[in-house]
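Colleague: Could you walk me through reading salt bridges and pockets in a model like this?

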Amino acid sequence: MTKLIAALAILAALAWAATATASWIAKKKAPLAIGAGRAQIHATPVEQDRAMKKAQWRTAAAIAFAAVMFATFFRLSVGLSGQEGLPVAVTAGLSASGGLLLFSALPATKIPASNTRFPLLPKRAFLLPAAILAAFTAFVITAGLVPWFTAVKNDGVPLLLMAVAFGGSAVLALHRLNTTLALADPRMSAFDRRWRELSARNLLTFTNGALLTYFGTAVILTGLALATAEAEAAFPHWGVAGTAGGAALALAGVVLLALAARGALTIRAATSKSAPTPITA
């Protein structure tokens with residue numbers, strides 16, 4: 001436990017140092033205002049590419065921090081619990097949540113109050129993650145009432161709590177995308193809008209994938225519990241069905257995670273291709 005607390009303190013110090021350094025750099029390299037006269041009203045492709053690379057460093061910093069968290073906590077969690085499966089899932093969730101929290105905390109230019117704000121995602125986009133969490137919660141509560149489902153009681157509840165914590169971190173990251181600029185140069189307002197829309201879409205896909213993976217893992221554990229001889233007598237063939245259903249949910253989650261990763265890797269090209277040309281007349 002002492003090692004775990006020490007590791008938490010070190011990671012918190014690293015996160016604080018990274019955030020403070022990034023804030024200092026952001027202040028030193030604040031974008032210059034566009035002066036009057038014959039100021040350039042269009043950003044060149046080189047400037048656009050440079051700005052988008054700079055916007056990507058926040059995501060890269062969050063991923064690096066999540067990787068450090070996972071590498072640090074994995075051995076500790078396995079050693080403390082004596083297991084491997086559940087610690088991997090919980091550590092991965094904690095690491096992803098930590099990365100999203102760091103992404104939300106990194107400095108960025110606030111969207112001016114005078115700017116008209118539009119939602120980056122339609123309201124209906126949030127129906128799927130809400131439905132997954134609701135179904136996951138109902139499943140864990142219902143399965144916990146069955147005597148044979150000790151695995152769900154021991155593993156399903158931590159997985160559900162981890163999913164809820166991850167969902168909360170994703171909401172904070174989405175709020176950050178809604179309230180701050182990714183490309184602060186006013187000449188790139190159209191690119192900034194498109195960048196944040198694509199980032200929000202990738203974040204939602206990533207969140208849905210993670211929630212489905214956690215849900216599927218819990219269902220697989222239930223299916224394995226149903227496959228025991230005692231449970232098989234009361235629930236014939238339910239073990240195989242539960243395991244197959246959980247595997248399908250987990251596989252769907254992995255596919256969504258892969259799509260989110262692909263979207264993050266190709267966001268610069270997608271932004272350049274689909275952003276509308278600003279009206280300058």
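Modeller: Gladly! Let's begin in helix α6, where R193 and E197 sit 4 residues apart, about one turn of the helix. Keep in mind that this is a predicted model.

Colleague: How far apart are the closest N and O atoms of R193 and E197?

Modeller: They are 2.8 Å apart, and the pair forms a salt bridge. R193 is partly exposed at 23% relative accessible area, while E197 is buried at 19%.

Colleague: What about R176: is its side chain buried or exposed?

Modeller: R176, in helix α5, is buried yet has no salt bridge. The nearest side chain of opposite charge, D192, is 7.9 Å away, and a salt bridge needs nitrogen and oxygen within 4 Å. Beyond its sequence neighbours within four places, R176 contacts R58, F103, S104, P107 and A108.

Colleague: And how do I read empty space?

Modeller: Rolling a probe the size of a water molecule over the atoms shows where empty space is left. Here the largest pocket holds about 1100 Å³, and its lining has 38 residues. Helix α2 gives the largest share, 10 residues.

Colleague: How does the lining divide into nonpolar, polar and charged residues?

Modeller: There are 28 nonpolar, 8 polar and 2 charged residues. T59, I63, L100, F206 and A264 lie nearest the centre of the pocket.

Key: Residues are numbered from 1 along each chain as its sequence is written. This is a predicted model: local features need pLDDT of at least 70, side-chain atom pairs count only at pLDDT 80 or more; totals for chains, interfaces and linings use all residues. Side-chain values use heavy atoms; hydrogens and water are left out. Helices (H or I, at least four residues) and strands (E, at least two) are DSSP runs, numbered from the N terminus. Buried means under 20% relative accessible area, exposed over 50%, partly exposed in between (1.4 Å probe, protein chains only). Lys and Arg count as positive and Asp and Glu as negative; His and the chain ends are not counted. Contact means heavy atoms within 4.5 Å. On a 1 Å grid over the protein atoms alone, a cavity is a set of points where a 1.4 Å probe fits but cannot get out, and a pocket is an open set with protein on both sides within 12 Å along at least five of seven lines; lining residues have an atom within 4 Å of a point. Grid points are joined across faces, edges and corners, and a volume is the space filled by probe spheres set on the points. Ala, Val, Leu, Ile, Met, Phe, Trp, Tyr, Cys and Pro count as nonpolar, Asp, Glu, Lys and Arg as charged, and the others, Gly among them, as polar.
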